[in-house]
Each structure stands twice: as C-alpha cells, then as structure tokens.
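Reader: I would like to go through this model term by term. Please set each value against its definition.

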Amino acid sequence: MATKEQPKIIAVGNPGAGKSTLLNSLMGEALFESGLNIGGGLTYQLDEIKHKNGHFLDTPGLADESL
C-alpha cells in the first residue's frame, strides 16, 4: 500500500515579513513563534516542525545590511 508523501515547505524572506505567521496558518495552529518585534524578526535559527499537514521549515530573516 502506497503512503501519501507530505509536502515540505520552507519560508525564506526578510525579517518581520510574516514567514512564521504564514507557516502557522498553513498548519492550522500556532506552533512557530510569531508576532511584532521592532527592528527584526523573532526567528533566530532554522526551526523545523513535522506536522500532520506537512513538514514545515522556518528560517531567520535574510536582510542584507549592505543595501
């Protein structure tokens, strides 16, 4: 019997762009820390959650300070 493969979703973007909020929405519950943080995001390292809706990876913001 074949098993259904779960999707693997990774969120990449600038700090504070809503990556964690988007992933929480896709999972249907708040498992990644999200909210307001003046001057940056709340995620400081790669966070990974295997959930019934898929495999979700949340990255810290990738702001380029040289711009």
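Reader: Why is Q6 called partly exposed?

Author: Q6 has a relative accessible area of 39%. Buried means under 20%, exposed over 50%, and partly exposed in between, with a 1.4 Å probe and protein chains only as cover. Therefore Q6 counts as partly exposed. This is a predicted model, where local features need pLDDT of at least 70 and side-chain atom pairs pLDDT 80 or more, while totals for chains, interfaces and linings use all residues. Residues are numbered from 1 along each chain as its sequence is written, and side-chain values use heavy atoms, with hydrogens and water left out.

Reader: Where is Q6, and what does Q6 touch beyond its neighbours within four places in sequence?

Author: Q6 sits in the segment before β1. Helices (H or I, at least four residues) and strands (E, at least two) are DSSP runs, numbered from the N terminus. Beyond those neighbours, Q6 is in contact (heavy atoms within 4.5 Å) with H51, K52, N53 and G54.

Reader: What makes the pair Q6 and G54 a polar contact?

Author: A polar atom of the Q6 side chain lies 3.2 Å from the backbone nitrogen of G54. A polar contact is a pair of N or O atoms within 3.5 Å; within protein, one must be able to donate a hydrogen and the other to accept it, and residues adjacent in sequence count only if both atoms are side-chain atoms. The distance of 3.2 Å is within that limit.

Reader: How do you know whether N24 is buried or exposed?

Author: The relative accessible area of N24 is 7%. The limit for buried is under 20%, so N24 is buried. N24 belongs to helix α1. A polar atom of its side chain lies 2.8 Å from the backbone nitrogen of F32. Leaving aside neighbours within four places, N24 is in contact with E29, A30, L31, F32 and S34.

Reader: What puts the buried residues of α1 on the same side?

Author: The buried residues are K19, S20, L23, N24 and M27. They cover an arc of only 135 degrees around the axis, which puts them on the same side of α1. The arc is that of the directions from the helix axis to the C-beta atoms. An α-helix has 3.6 residues a turn, so residues three or four places apart point the same way. The buried residues of α1 pack against β1, β2 and β3.

Reader: Why is L26 not called buried?

Author: L26, also in α1, has 42% relative accessibility and counts as partly exposed. Not counting residues up to four places away, L26 touches I9, N53 and F56. The C-alpha atoms of L26 and F56 are separated by 9.1 Å.

Reader: What makes I10 exposed, and which residues share its nonpolar surface patch?

Author: I10 lies in strand β1. Its relative accessible area is 51%, so I10 passes the limit of over 50% and is exposed. I10, V12, L46 and L62 make a nonpolar patch of about 390 Å². Patches take residues with over 30% relative accessible area and no salt bridge; like charges are joined within 9 Å, nonpolar side chains (Val, Leu, Ile, Met, Phe, Trp, Tyr) within 5 Å. A salt bridge is a side-chain nitrogen of Lys or Arg within 4 Å of a carboxyl oxygen of Asp or Glu. Areas come from the Shrake-Rupley method with a 1.4 Å probe; for residues, only the protein chains shown count as cover.
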